[in-house]
Amino acid sequence: MIHNKTIVLTGASSGIGFQVLRLLSQSSDNKILAVSRHAEQLLKNFADNVIPFNMDISSKEGVDAVFEKANEVFEGKKIDLFYANAGFPYYEEFNYEDWDRVETMFKTNTFSPIYTYAKYIHHLDGRDGILAITVSAIGQMAMPGYAIYSSSKFATHGFQEAIRLEAPKNLQITCLYPVATDTNFFRVANPVSFEKPFPVQQPDVVARKMVAGIESGKKFVSPSPLFGLSKVLMGVCPPVRTVYWGLETAKLNRFKEKLRNMSKEDLEAAAQKIGKDIIEKSVEAVEKSKEAIEAALKK
Ligand SMILES: NC(=O)c1ccc[n+]([C@@H]2O[C@H](COP(=O)([O-])OP(=O)(O)OC[C@H]3O[C@@H](n4cnc5c(N)ncnc54)[C@H](OP(=O)(O)O)[C@@H]3O)[C@@H](O)[C@H]2O)c1
C-alpha cells in the first residue's frame, strides 16, 4: 500500500477519484490534498489525513492555486504523488457551432493535465515524483456520442505518449484507461439519461487497480481485461469493431429519438434536476464510505 506520502488528488469528491481517496486515506501517514469544486462540502470530516480544497482545475490560475495550497499544507515538502484525475464528458450529437463549449472540455480534460505536468516537473526539481493521469479507453478508441470527449482524451493520450520520450528520469508517469465506469460521469454527460457503453465497471474496482498500478510503477493501467482483449481482436479482425460501433451508434440513435420526443419543458426540468442529483449521489457515496471505514476500524 502507498504510505507516508504527500498526495494531491484532483476530482477527489466523486467516482473513481473518490474511491482512490478512500484507499489512499486508509494509510494514516499519507497526507492528501483532495481537490474538486465541491470538495470542502462533500469531504469535510471524511478522514483526518484528508484536506479538502475547493478549486476548479480548468485554468492556469486553478492549477497554480492547487500547487500553492499543497506547499502550504505539506509545509514546503515536495508532492510525492500528483494524481490529475478530474475530468468530464458530453454525451451528444455533435452538430453545433459553440467554440466555448468545446474549449471548456479541453481546458479540464487536456490543458490542465498538460500544464500540471510542466508545473510538477519544476516543483520536483530533480527529486523523485509520480504523476498519475486518468485518461480513458475512449482516448484510444473513439465512440459515437462522445466526439468532443474522445478528442480531448485522445489529445491527453498523445501527450502522455510523447512526454514519456523526454520526461526526466526522476518522474514516474502512470496513466489510467478505464472503460465505462458507474459514476456521476454519466449524469454529468447529459441531463437526459442514456444507455452506457459496454462494458461497465464499478469505480472501486477501477480505483484498486489504479492504486496497485501506481504502487508497482506501471506506465499504463487498463482496469478492464475486456478492453485489452478487444483491442487485440479488433486489430486482427476489424469487422468486430464495426459491429461494436454499430451497436453503440444504435444507442445514440435511440437517445436522439428520445430527445426528439421530449418537450422543451421536460428538457428544462431534466437540466435543472441534474446538479442536485449529482451532489446527492456524491453525499450518499461519502456517507456510505465513512460508515464502512468506521465499521472496519471497530473490528
Ligand atoms: N466514468 C467513466 O465511465 C470514465 C471512463 C473513462 C475515463 N473516465 C475519467 O475518469 C475521471 C473521473 O471521472 P469519474 O468517472 O469519477 O466521474 P465523476 O464521478 O463525475 O467525478 C469527476 C470528479 O472530477 C471533479 N471535477 C470535474 N471538473 C472539475 C474541475 N473543473 N475542477 C475540479 N474538479 C473537477 C468532480 O467534482 P466537482 O464537480 O466537485 O468539481 C468530481 O470529483 C475523469 O477524468 C473521466 O474523464 C471516466
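**A first look**

User: Where is Ala12 found?
Analyst: Ala12 sits in the loop between β1 (6–10) and α1. Helices (H or I, at least four residues) and strands (E, at least two) are DSSP runs, numbered from the N terminus. Residues are numbered from 1 along each chain as its sequence is written. The model is predicted: local features need pLDDT of at least 70, side-chain atom pairs count only at pLDDT 80 or more, and totals for chains, interfaces and linings use all residues.

User: Is Ala12 buried or exposed?
Analyst: Ala12 counts as buried because it has 32 C-beta neighbours inside 10 Å. The cut-offs: buried is 20 or more other C-beta atoms within 10 Å, exposed is 12 or fewer, partly exposed is in between, with C-beta atoms placed from the backbone.

User: What does Ala12 touch?
Analyst: Leaving out residues up to four places away in sequence, Ala12 touches Gly17, Phe18, Leu21, Ala34, Val35, Ser36, Ala39 and Leu43. Contact is C-beta atoms, placed from the backbone, within 7 Å. The C-alpha atoms of Ala12 and Ala39 are 7.1 Å apart, and 27 residues separate the two along the chain.

User: Switching topic. How many residues surround the ligand?
Analyst: 28 residues surround the ligand, and the closest are Gly11, Gly15, Arg37, Gly87 and Phe185. Here near means a C-beta atom, placed from the backbone, within 6 Å.

User: Which element gives the largest share of that shell?
Analyst: α1, with 3 residues. α1 (15–25), β7 (180–181) and α6 (185–188) each supply at least two.

User: And the sheet, what order do the strands take?
Analyst: The open sheet of 7 strands runs β3-β2-β1-β4-β5-β6-β9, with parallel pairing. Its edge strands, β3 (50–54) and β9 (220–221), each pair on one side only. Two strands pair if DSSP finds at least two bridges between them.

User: How many bridges join β4 and β5?
Analyst: β4 (residues 81–84) and β5 (residues 129–134) pair over 4 bridges. Tyr83 stands opposite Ala132 in β5.

User: What does Leu9 contact?
Analyst: Beyond neighbours within four places in sequence, Leu9 contacts Gly17, Val20, Leu21, Ile32, Ala34, Val35, Tyr83 and Asn85.

User: Last one. How many residues has the largest nonpolar core?
Analyst: 58 residues, and those with the most contacts inside it are Val8, Leu9, Ala34 and Val35. Such a core is a set of buried Ala, Val, Leu, Ile, Met, Phe, Trp, Tyr and Cys residues joined through C-beta atoms within 7 Å.

Methods: Contact = placed C-beta atoms within 7 Å.
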